[in-house]
Amino acid sequence: MHTVVIGGGVIGLTQAYHLAREGAEVTVVDARGTGLGASKVNAGWICPAESAPVPGPGVVLKSMKWMLRPDSPLYIRPSLDPSFVRFMLGMWRKSNARDQRAGFEGHLRLAADTLQIFDEYRADGMDFEMHTDGLLMAFMEQDNFDHHIDNLDLASQYGRQPRVLNRDAVHEQEPLLTDGVLGGIYFPQERHVDPGAMTAALHRRLVAMGVRIVENSPIDAVERNGDRVTSVHSDGNRYTADSFILAAGAWSGNLSKQFGVPLPVRPGKGYSVEVPALGLRSAVNLWDAKVAVTPFNDRLRLAGTMEFGGLDEKVNQVRVDAIMRAPGKYFRGWEPPATKPTPMAGMRPMTPDGLPVIGHLGHLQNTYVSTGHGMMGITLAPGTAAALTDLVLRGKQAPALAPFTSARFRSGARSTPQPVA
């Protein structure tokens with residue numbers, strides 16, 4: 001069995017590894033170098049407990065207000081392009097409690113074995129920075145705090161062990177928090193990694209396993225014969241295989257058209273900056289500001305914003321400056337560095353319902369898709385790769401994949417993700 005994986009981000013590399021370790025011949029074809037973009041600049045969180053889809057209650061009203069602020073956590077660049085309008089209308093239709101809860105449960109099921117699989121990666125010789133200190137959500141607004149407390153039952157049901165912390169308790173958990181922080185929720189099992197180091201370790205391990213990795217080779221043509229793909233082309237080269245997996249992140253929407261199965265995957269730009277270490281006890285979600293704070297061994301990463309616009313990685317300094325200001329409200333002694341750090345941007349693959357697309361690519365019998373993981377790529381990659389490997393190599397459709405089928409985007413198809421037994 002030979003599989004071509006299109007895309008060398010965290011999803012594509014993880015998928016290639018799971019296939020290769022079960023004996024499959026694998027070729028990874030990436031439009032640029034592996035592990036770049038969102039796979040490199042994200043917060044690095046392994047956080048099933050924080051995996052609720054982006055669309056949810058109140059998102060429509062907040063997004064309308066935020067559109068008027070250039071430094072807001074969410075920015076939507078206005079466009080009359082029909083596909084963009086359909087995407088945003090689809091997202092707003094999903095901005096309700098029922099759909100968000102169903103999607104959250106789907107993510108929790110998919111990530112059920114995530115921590116165990118990460119330990120397997122390390123045991124197999126992948127060397128990357130990983131911390132097991134948990135994740136703290138810090139709140140300055142009572143309404144946001146109360147909303148999250150009301151929705152902890154699913155996290156508890158799936159073993160995430162949330163601890164609700166009042167004002168005194170949250171300051172005991174993280175002494176650097178300011179008095180403005182009125183409470184928090186601590187998830188002791190969540191982890192974080194250096195995502196750039198992780199993808200580099202995956203790349204090295206794949207090479208050692210005999211996986212062929214082709215970089216700087218964007219796909220420019222797809223050959224089909226009926227309901228099967230026979231080859232893909234890139235820069236004059238033709239890649240044939242028994243099966244193909246589209247895992248090209250934010251570029252998957254455009255590429256899916258070449259396969260004849262267009263998917264509503266659009267880019268959601270995010271930014272990160274790195275500053276000197278602060279001495280935090282764990283990763284912290286500055287929830288009201290929508291900024292993720294990740295302590296690495298030798299530095300601190302700040303990540304945030306969601307920007308719906310074009311497929312580019314241009315940096316908007318106004319939005320970066322907003323990320324840099326946020327820690328000053330939450331942490332004692334916070335001072336931005338005298339020299340502005342160089343910001344990084346990455347394009348997250350977003351879908352209208354906030355859920356990934358995993359499984360067969362439409363009607364194609366030997367072609368699969370794994371994309372649309374949004375801000376949850378690191379968290380969902382292991383579970384996605386394990387389940388899709390079963391489907392590709394053995395034809396076994398894992399129940400955990402039920403909510404993520406590409407068929408949900410067909411006209412008239414049921415679009416509400418259904419919890420599975």
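The following legends describe close-up views of a predicted model.

Local features rest on residues with pLDDT of at least 70 and side-chain atom pairs on pLDDT 80 or more, while totals for chains, interfaces and linings use all residues. Residues are numbered from 1 along each chain as its sequence is written, and side-chain values use heavy atoms, with hydrogens and water left out.

**View 1. The three-stranded open sheet β3-β9-β5.**
Three strands form an open sheet in the order β3-β9-β5, with antiparallel pairing. Strands β3 (45-46) and β5 (130-131) stand at the edges with a single partner strand each, so one side of each has no neighbour in the sheet. Helices (H or I, at least four residues) and strands (E, at least two) are DSSP runs, numbered from the N terminus. Two strands pair if DSSP finds at least two bridges between them. Strand β9 (residues 191-193) is joined to β5 in the antiparallel sense over two bridges, and V193 in β9 is the bridge partner of M130. Helix α6 (residues 114-123) lies across β3, β5 and β9 and runs at about 40 degrees to β9. Axes are lines fitted to C-alpha atoms, for helices over the stretch in contact (heavy atoms within 4.5 Å). Angles run from 0 to 180 degrees between N-to-C directions.

**View 2. Strand β6 and its two partners.**
Strand β6 (residues 135-139) is mostly covered, since five of its five residues are buried. Buried means under 20% relative accessible area, exposed over 50%, and partly exposed in between (1.4 Å probe, protein chains only). In a regular strand the side chains alternate between the two faces of the sheet. Both faces of β6 are covered: L135, M137 and F139 are buried on one side, and L136 and A138 on the other. With strand β8 (residues 183-187), β6 pairs in the antiparallel sense over five bridges; here L136 stands opposite Y186. With strand β16 (residues 283-286), β6 pairs in the parallel sense over four bridges, and L135 stands opposite A283.

**View 3. The six-stranded open sheet.**
Six strands form an open sheet in the order β10-β2-β1-β14-β21-β20, with mixed pairing. Strands β10 (212-214) and β20 (357-360) stand at the edges, each with a single partner strand, so one side of each is left without a neighbour in the sheet. From one strand to the next, the twist averages 15 degrees. Strand β2 (residues 25-29) pairs with β10 in the parallel sense over three bridges, and T27 stands opposite R212 in β10. Strands of a sheet pair through backbone hydrogen bonds, either parallel or antiparallel.

Residue I11 is found in helix α1 (residues 10-20) and is buried, with a relative accessible area of 12%. Leaving aside neighbours within four places in sequence, I11 is in contact with A247, S370, H373, G377 and A381. The C-alpha atoms of I11 and S39 are separated by 8.4 Å, although these residues are 28 residues apart along the chain. Residue T199 lies in helix α10 (residues 195-208) and is buried at a relative accessible area of 3%. Apart from neighbours within four places in sequence, T199 is in contact with V10, L13, G35 and S39.

**View 4. A nonpolar surface patch that includes V85.**
Residues V85, L89 and W92 make a nonpolar surface patch of about 230 Å². Patches are made of residues with over 30% relative accessible area and no salt bridge, like charges being joined within 9 Å and nonpolar side chains (Val, Leu, Ile, Met, Phe, Trp, Tyr) within 5 Å. A salt bridge is a side-chain nitrogen of Lys or Arg within 4 Å of a carboxyl oxygen of Asp or Glu. Accessible areas come from the Shrake-Rupley method with a 1.4 Å probe, and for residues only the protein chains shown count as cover. Residue V85 is placed in helix α4 (residues 82-93) and counts as partly exposed because its relative accessibility is 32%.

Residue Q161, which is not a glycine, has a positive phi near 55 degrees. Q161 lies in the loop between α8 (153-157) and β7 (163-165) and is partly exposed, with a relative accessible area of 47%. Residue K290, also other than glycine, has a positive phi of about 60 degrees. The loop between β16 and β17 (291-295) holds K290, which is partly exposed at a relative accessible area of 28%.
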